[in-house]
Amino acid sequence: CFGLTLYVLASKRVLATGRYESVTVTAWSYLTATFMMGVLSVVTSLSDSISFFLCSDCEEGIWHVPPSAIPALIWYILMTSSTAYGLITWANKYASGTL
């Protein structure tokens, strides 16, 4: 919740300049989040204790994803996550500060 709050406040400030469209702001925020998740993934992979803490019963490794879960992941990433943040940013562009 706190992360979304920061996202909405930061994107409102960027959108208020009029220099960027809501899709551009969403794309840049996803690119930034991808970079940060990549760094944290490398750190997690290098630490056995963090990997064990996150998934103590992973027999095939912490990064193993069953093939049957891939369609659900694609749906979540494309539809629920990206679409929701895009719509939030678009609405934020048109919402006043008093709402």
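With a relative accessibility of 13%, Tyr7 counts as buried, a word used here for residues under 20% relative accessible area, while exposed stands for over 50% and partly exposed for what falls in between (1.4 Å probe, protein chains only). The model is a predicted one, in which local features need pLDDT of at least 70 and side-chain atom pairs count only at pLDDT 80 or more, whereas totals for chains, interfaces and linings use all residues. Residues are numbered from 1 along each chain as its sequence is written, and side-chain values use heavy atoms, with hydrogens and water left out.

Let us start with the overall fold. The chain contains four helices and zero strands, following the pattern α-α-α-α along the sequence; helices (H or I, at least four residues) and strands (E, at least two) are DSSP runs, numbered from the N terminus. The C-alpha trace spans about 50 × 25 × 25 Å along its principal axes. The radius of gyration of the chain is 17 Å, whereas a compact globule of 99 residues would have a value near 13 Å; this radius is taken over C-alpha atoms, and the globule rule is 2.2 Å times the number of residues to the power 0.38. Of the 99 residues, 13% are buried.

A pair of aromatic rings is described by the distance of the centres and the angle of the planes. Two such pairs are present in the structure; rings of Phe, Tyr and Trp (its six-membered ring) pair if their centres lie within 6.5 Å, and planes under 30 degrees apart count as stacked, over 60 as edge-to-face and the rest as tilted. Tyr7 and Tyr85 make an edge-to-face pair, with 5.1 Å from centre to centre and 75° between the planes. Because Tyr7 belongs to helix 1 (residues 2–16) and Tyr85 to helix 4 (residues 70–94), this pair ties together parts that are 78 residues apart in sequence. Tyr85 is partly exposed, at a relative accessible area of 28%.

Tyr85 also forms an edge-to-face pair with Tyr30, at 6.0 Å centre to centre and 80° between the planes. This pair again links distant parts of the chain, with Tyr30 in helix 2 (residues 22–46) and Tyr85 in helix 4, 55 residues apart. Tyr30 is partly exposed, with a relative accessible area of 26%. Together, the ring pairs join Tyr7, Tyr30 and Tyr85 into a cluster.

Two further residues of helix 4 complete the picture. Ser81 sits in helix 4 and is buried, at a relative accessible area of 15%. Leaving aside residues up to four places away in sequence, Ser81 touches Tyr30 and Tyr76, where contact means heavy atoms within 4.5 Å. Gly86 is likewise placed in helix 4 and counts as partly exposed at 22% relative accessibility. Gly86 and Ser51 are 35 residues apart in sequence, and their C-alpha atoms are 32 Å apart in space.
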